[in-house]
Amino acid sequence: AMSWAQLGYHNLPVGLLNVGGFYAGLIAFVGRMGEVGFLRAQHQGILIHDDALDRLLDRMAAQQPYATIGAMSAADL
């Protein structure tokens, strides 16, 4: 889903519910990809994560769509 957002196939939020810190390693890896330049600056906010579902959903709902050409948006669903 993150790759598709980077490529412009959609501009929908990509959320990860990190219950009990299960995905902490993945979240750190995505952060490291940004630090070393493997993930472009404009894409570093694609992955939205939280350990509480209500906060995650609120953050996903508040995300501004990425400016992409021909991307699928929530209105298309």
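With a relative accessibility of 64%, Phe-22 counts as exposed; the classes are buried (under 20% relative accessible area), exposed (over 50%) and partly exposed (in between), using a 1.4 Å probe and protein chains only. The model is predicted, so local features need pLDDT of at least 70 and side-chain atom pairs count only at pLDDT 80 or more, while totals for chains, interfaces and linings use all residues. Residues are numbered from 1 along each chain as its sequence is written, and side-chain values use heavy atoms, with hydrogens and water left out.

Tyr-23 has a relative accessible area of 32% and is therefore partly exposed.

## Aromatic pairs

Two aromatic pairs occur in the structure. Rings of Phe, Tyr and Trp (its six-membered ring) pair if their centres lie within 6.5 Å; planes under 30 degrees apart count as stacked, over 60 as edge-to-face and the rest as tilted. Trp-4 and Tyr-9 form an edge-to-face pair, at 5.9 Å centre to centre and 70° between the planes. Phe-22 and Tyr-23 are likewise edge-to-face, with 4.9 Å centre to centre and 90° between the planes.

Trp-4 is exposed at 55% relative accessibility, and Tyr-9 is exposed with a relative accessible area of 52%.

## Gly-31 in helix 2

Gly-31 belongs to helix 2, which covers residues 24-35; helices (H or I, at least four residues) are DSSP runs, numbered from the N terminus. Its relative accessibility of 36% places Gly-31 in the partly exposed class.

Between Gly-31 and Gly-45 the C-alpha to C-alpha distance is 9.6 Å, and the two are 14 residues apart in sequence.

Technical notes
Helix = DSSP H or I, 4+ residues; strand = E, 2+ residues; numbered from the N terminus.
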